[in-house]
Amino acid sequence: MQRNGGGVGAGGQPWVLRRVRLTWLSFMLFFILVFFPLIAHYYLTTIDEAGGPDKRIFGPRPGGELCEAKHVQDLCRIRESVSEELLQLEAKRQELNGEIARLNLRIEACKRSIDSAKQDLLQLKNVISQTEHSYKELMAQNQPKLSLPVRLLPDKEDPGLPPPKSARSCRLRSCFDYARCPLTSGFPVYVYDTGSYPWAEYLDPLVKQAFAASVKSNIYITDNPNIACLYLVLVGELQEFPSSPPPSPLELEKQLKALPYWRSDGHNHVLVHLSRKSMTQNFLYNVSTGRAAVAQSTFLEQQYREGFDLVVSPLVHALSEPNFLEVPPQVPVKRKYLFTFQGERVESLRSSLQETPPQSFEEEMEGDPPADYDDRIIGTLKAVQDSHLDQVLVEFTCKNPRPSLPTEWALCGEREDRLEVLKASTFALVIAPGDGQLVASAGCGMRLFEALEVGAIPVVLGDHSRLPYHQFIRWSEAAIIVPKPRVTELHFLLRSLSDNDMLTMRRQGRFLWEAYFSTSENVLNTILASIRTSIQVPAAPIKEEPAQEIPHKAGKIAGTDANLADNGDLDLGPVETEPPYASPRFLRNFTYTAADTYRAWNRAPGPFHLFPHTPLDPVLPSEAKFLGSGTGFRPIGGGTGGSGKEFQAALGGNVPREQFTVVMLTYEREEVLMNSLERLNGLPYLNKVVVVWNSPKPPSDDLLWPDIGLPIVVVRTEKNSLNNRFLPWDAVETEAILSIDDDAHLRHDEIMFGFRVWREARDRIVGFPGRYHAWDVNHQSWLYNSNYSCELSMVLTGAAFFHKYYAYLYSYVMPQAIRDMVDEYINCEDIAMNFLVSHITRKPPIKVTSRWTFRCPGCPQALSHDDSHFHERHKCINFFVKVYGYMPLLYTQFRVDSVLFKTRLPHDKTKCFKFI
């Protein structure tokens, strides 16, 4: 151990010495290299400054003497050469940078050109595919394309028909000449001049005036009797106190046969008797009317020819228009009285007071004579009233009973007094005449009319009665029809009805009254519609608003705003390079009348118009498009389905391919309008743009309209009205309308998604900004609310899809008072459209995407920013509720997003929409 340790110590000393020497040597070398140049520089500088100018070594010599030195000249040349080379290199560098920038721009342009070419190629493939589909459909088509019918008129000569066995056996098939009424005839109707009748002096003057006024405004009336399908003859109502007795049945029969176009048997004639009083003379009883049909309110069973004659409603409002604002509201559902009845039938009343009614109806039916159910009805109703279980009002004696037919219940008092009682009644009893031979009476018709007018649900006791237009109206939806033997169960039956059922019946009764009974014009229209429906002739096409186009010039190529059309890698669909494709029209001309009679008569707006298309047309089952009925369908992936790529290449859905029309309302905001139009460039499935120019001043002469590759039709309006937004312009050739404000700011993918959603909910408004109606507890009224809410009931039509069918209803069917208020306030047209659609469908609108507003940033201030805007909308909502009689709007708690929204997908799949 010592040896090892000593070895280590002896060997370590030289190593330490060598380390010290090396450190010292390094320090000296560092000192020499650093400090010696500094000392030399300082010394030379000092000497140079101490000597004169001629003694300087490093300083500049006067007169450029320094450059005369050879080595200095070499250095100067080197410096100049290097500077020149550096300048050349810098110029070369800048030139190369510029070339690189130019090449980068060319690369980007090539990329864009490639993307555009790919897009064009994809669109071309889609167009080729669409064209192939259209060609195959055209080759395989086995059904002619229908359009508005060409009018065919009957011949002047009338060969006549073989006579039936008896006039009592007349039916349409045996007594009506169909040859005079071709399906495409247009249903021309000739009306005899009331002044030329021999019996004209006996007619009620009010009835004559009302009938003449209604005839003047009817679209089917013709002055040419040779082409007429139908001939109308007014035979009543007669005056209550004529100066001389009316003609006898035999005389009247001779006078009818003397009519110039009676043609021996009166075929295709309708004898119209309009009743204004409950006691109406059956003027045509015991008169042989031949093959002429009779339309009146009172019929005996031996007189009435089922399916040929027509039971009509009484003419209550002969020349006056009913005030819809005075009609009581439909809610609350339950009123003061459960049911009411006021009437007097002297025979029945006397027997009920003097005799004890039998214990059961079976006892009444034991005898051979028919039982007098009216006595049992009186006793039962009195017992219900005396029980005080519900508040009811039944009165069987009148101070001033109105004249009535035998066995019929007379009306009590004046009409105004009866209406006041009915306004407080949930149900109104209508007791059929005790004589079973009297199948229809003006008195019952009057009771029915008054009950429907004020919203009292009619309860008809007597199932043998023929109610007005019973062949077409399903009265069970608006009234309760009970056989008289069930009068003992009537109280239980009425108490068992739910509020939902009662309000549904009351609303249906209001529709029947407004559409068929309320005015003389409606009564005449209903008579003609009944006959026209019976012979299966379509109604007259509803009119369209002619578009007076304002000439304009397109001089600006529309670009594409990347912020508005950013849809990721998805194509929104083929931009239609083929001519705009209009929606097929009038494909169901005869189906509406022949196969859709129930809906036409029992749902608004009634059977009075023929629409080019409706949102309620039936939909084919899914397999039909692959098995013989595929015309126009574009299934996604050819029927195999798919994700985003396949989805965007075809419309799919349950209906054939179609396009939509943008209707844009504008008023003196040209720059905003041009920007909005430009944003529509490249929008798929767009048919055209209709700009409703609401300003009295025409567009500027130097205004250049953007060229978006599709027609832009600028329509001149007669006045500045927000109702112009919903006029059914003939320039709109598609079923789908995108109503949009000129300052609306929507992306293309949002519009396309809204269009696809609307195609699956064609009967509803589908749009973006939602609003709702809120109940004001303090004032017991409605408020318009635009706050963020989890419930909504309206979608603003400043950015919404709807069917053109609703444009017809808004302009020609909706009550005029609503359109007048829109014009008065220059507001609320969107609320009115929401009311209308919800009233027709009983469904809420559909909101799509998360967007709550749609105004473009930086646009001029709109009317909706005014403080009075919301106050006016509060008033509008409450006024519209008054007109409709109830609140049609319904709440909804969901919005619609695309199917694969927020769904995790494999890498080889894409979403339907990137942001929706």
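Reader: How do you know how many cavities of 30 Å³ or more the whole structure has?

Author: In this predicted model, a search of the whole structure finds 11 cavities that reach 30 Å³ or more, and the largest cavity has a volume of about 290 Å³. Each is called a cavity because a 1.4 Å probe fits inside but cannot get out.

Reader: What makes up the lining of the largest cavity?

Author: The lining of the largest cavity consists of 22 residues, and those closest to its centre are Y592, A600, G606, P607 and H609. Helices α14, α15 (591-594) and α16 (597-602) each supply at least two residues of this lining, while α16 gives the most, with three residues.

Reader: Why are V207, A210, F211, S214 and V215 of α5 called buried?

Author: Buried means a relative accessible area under 20%, and V207, A210, F211, S214 and V215 are buried in α5, so each of these residues falls under that cut-off. Seen down the axis of α5, the buried residues fall within an arc of 135°, and therefore they line one face of the helix. Among the elements that cover the buried residues of α5 are β1 (189-191), β2 (230-236) and α14 (520-534).

Methods: Residues numbered from 1 in each chain as written. Predicted model: local features only at pLDDT ≥ 70, side-chain atom pairs only at ≥ 80, totals over all residues. Heavy atoms only, no water. Buried < 20%, exposed > 50% of the residue type's maximum accessible area, 1.4 Å probe, protein only. Helix = DSSP H or I, 4+ residues; strand = E, 2+ residues; numbered from the N terminus. Arc of directions from axis to C-beta. Contact = heavy atoms within 4.5 Å. 1 Å grid on protein atoms, 1.4 Å probe; cavity = no way out; pocket = protein on both sides within 12 Å on 5 of 7 lines; lining within 4 Å. Points joined across faces, edges and corners; volume = space filled by probe spheres on them.
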